[in-house]
Structure formats: structure tokens, C-alpha cells
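Thanks, everyone. I'd like to walk you through one model today. Please have the sequence and the structure up as I talk.

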Amino acid sequence: MTGSKQLTVVMTGLDEGVEVDQTMASIRETAGREVDIVFVDDGSTDGHDYAAAAQRHGALLIRHESRRGCSRSRDVGVEHA
């Protein structure tokens, strides 16, 4: 899924809920499908369906089962870009 475009947006979050959907939608409205999106969920427990959000917006979801922190999550996202 990633690596096919010249630009990749790496997002990280913990219990961000609908804001993840809104951000991905904004990216798609601005850049269309010309950008890859990688979202690293850093162990969210809020019950939001991040997998569905990623699928809706054509993004790659990486999920940490336990919190690793923003910096490590970003690094993981970059590794997949």
C-alpha cells in the first residue's frame, strides 16, 4: 500500500477518535490519492474503529498493542513509508 507515491503522510495517535477520520479526509480533499497515508495507532483504548477509518481513506494502519510513545510510533511509520 505504501511506497507507490512520492509523498507519504505519517500520522501517530493515541485515543484520537473521529479526529483521525477528519484528518485523513482533509488530506484526501487536499492531495487526493497522490499521497500515501500511514497511521500508527499507539495502543488506543477508546473503542474507535481505526481500521475502518484507514480502509475508508486508503491508508495503512499500524497498531501497537501497548503504548510506545510518539517518537517511536513516528519512527515505525517512517519505516513503512
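Let's start with Asp21. Its relative accessibility is 12%, so Asp21 counts as buried. The cut-off for buried is under 20%. Before I go on, a caution: this is a predicted model.

So what does the Asp21 side chain meet? It meets the side chain of Arg56 in a salt bridge, 2.8 Å from N to O. Where do the two sit? Asp21 is in helix α1, residues 18-31, and Arg56 is in helix α2. They are 35 residues apart, and the pair links distant parts of the chain.

How many salt bridges does the structure hold? Five. I'll show two others. In general, side chains of opposite charge can pair when their charged atoms come close.

Next, Asp41 and Arg63. These two form a salt bridge, with the closest N and O atoms 3.8 Å apart. This pair also links distant parts of the chain: Asp41 is in strand β2, Arg63 is in strand β3, and 22 residues separate them. Buried or exposed? Asp41 has 1% relative accessibility, so Asp41 counts as buried. Arg63 has a relative accessible area of 39%, so Arg63 is partly exposed.

Then there is Arg72 with Glu79. Their side chains meet in a salt bridge, 3.4 Å from N to O. Arg72 comes out at 36% relative accessibility, so Arg72 is partly exposed. Glu79 comes out at 54%, so Glu79 counts as exposed. The cut-off for exposed is over 50%.

Back to Asp41, please. Which residues does Asp41 touch, leaving out those up to four places away in sequence? The list is Gly13, Tyr50, Leu61, Ile62, Arg63 and His64. The side chain of Asp41 also makes a polar contact with the side chain of Ser44, at 2.6 Å.

Now the strand around Asp41. How many of the six residues of β2 are buried? Six, so β2 is mostly covered, given the cut-off of under 20%. Asp36, Val38 and Val40 point one way from β2. Ile37, Phe39 and Asp41 point the other way. All of these are buried. As a rule, side chains in a regular strand alternate between the two faces of the sheet.

Let's zoom out to the sheet. What is the strand order? It is β1-β2-β3, in an open sheet of three strands with parallel pairing. Strands β1 (8-13) and β3 (60-63) stand at the edges. Each has a single partner strand, so one side of each is left without a neighbour in the sheet. The twist averages 15 degrees from one strand to the next.

Look at β1 against β2. They pair in the parallel sense over six bridges. Take two positions on β1. Val10 stands opposite Val38 in β2. Met11 has Phe39 in β2 as its bridge partner. What packs on this sheet? Helix α3, residues 70-80, does, and it touches β1, β2 and β3. The direction of α3 makes about 150 degrees with that of β1.

Phe39 has 1% relative accessibility, so Phe39 counts as buried. Tyr50 has 5%, so Tyr50 counts as buried too.

To recap: Asp21 joins Arg56 in a salt bridge. Asp41 joins Arg63 in another. Over to you.

Technical notes:
Residues numbered from 1 in each chain as written. Predicted model: local features only at pLDDT ≥ 70, side-chain atom pairs only at ≥ 80, totals over all residues. Heavy atoms only, no water. Buried < 20%, exposed > 50% of the residue type's maximum accessible area, 1.4 Å probe, protein only. Pairing = 2+ DSSP bridges. Helix = DSSP H or I, 4+ residues; strand = E, 2+ residues; numbered from the N terminus. Axes fitted to C-alpha atoms, helices over the stretch in contact; angles between N-to-C directions. Contact = heavy atoms within 4.5 Å. Salt bridge = Lys/Arg side-chain N within 4 Å of Asp/Glu carboxyl O. Polar contact = N/O pair within 3.5 Å; in protein donor to acceptor, adjacent residues only side chain to side chain.
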